Amino acid sequence: MPVFQCRTNEAFQLKVLADLLSGSLKVGCFVISEDGFTLCQADNFNNTLIDLSLDAGDFCPYVLKTRSKIFLGINMTHLHKMLKMVKKKDSLQLTIHNLD
């Protein structure tokens, strides 16, 4: 049973976002909470502060089965490569099965 699961029909927008972030960040340190995803981090050169919030209401479903926040580090280059083939009408589901 997954600890976290979300789905969106706007996968193309996440692809564009991953493309933009991969040019500025090596690793994105996301926080997953009941409110949604957040990222507040300086770029690789400490020139720009990236402050990003993706609300839980923008995903259907958005299920978080833990009361504590999940801190998730994602290699942005790898995420960009995984999303490279996403088309405009595609959907995307993110799942975390356990926290170990």
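Biologist: How much of the chain counts as buried?

Modeller: Of its 100 residues, 36% count as buried, where buried means under 20% relative accessible area with a 1.4 Å probe, protein chains only, exposed means over 50%, and partly exposed lies in between. This is a predicted model, in which local features need pLDDT of at least 70 and side-chain atom pairs count only at pLDDT 80 or more, while totals for chains, interfaces and linings use all residues. Residues are numbered from 1 along each chain as its sequence is written, and side-chain values use heavy atoms, with hydrogens and water left out.

Biologist: And what pattern does the chain follow along the sequence?

Modeller: The pattern reads β-α-β-β-β-β-β-α-β, with 2 helices and 7 strands in the chain; these are DSSP runs numbered from the N terminus, helices being H or I of at least four residues and strands E of at least two.

Biologist: OK, helix α1 now. Which of its residues are buried?

Modeller: They are Ala11, Leu14, Lys15, Ala18, Leu21 and Ser22. Seen down the axis of α1, the buried residues fall within an arc of 130°, taken from the directions from the helix axis to the C-beta atoms, so they line one face of the helix.

Biologist: Which residues are exposed on the other side of α1?

Modeller: Gln13 and Leu20 are exposed there.

Biologist: What covers the buried residues of α1?

Modeller: The cover includes β1 (4–8), β2 (27–33), β3 (36–42), β4 (49–55), α2 (76–83) and β7 (92–96), with contact meaning heavy atoms within 4.5 Å.
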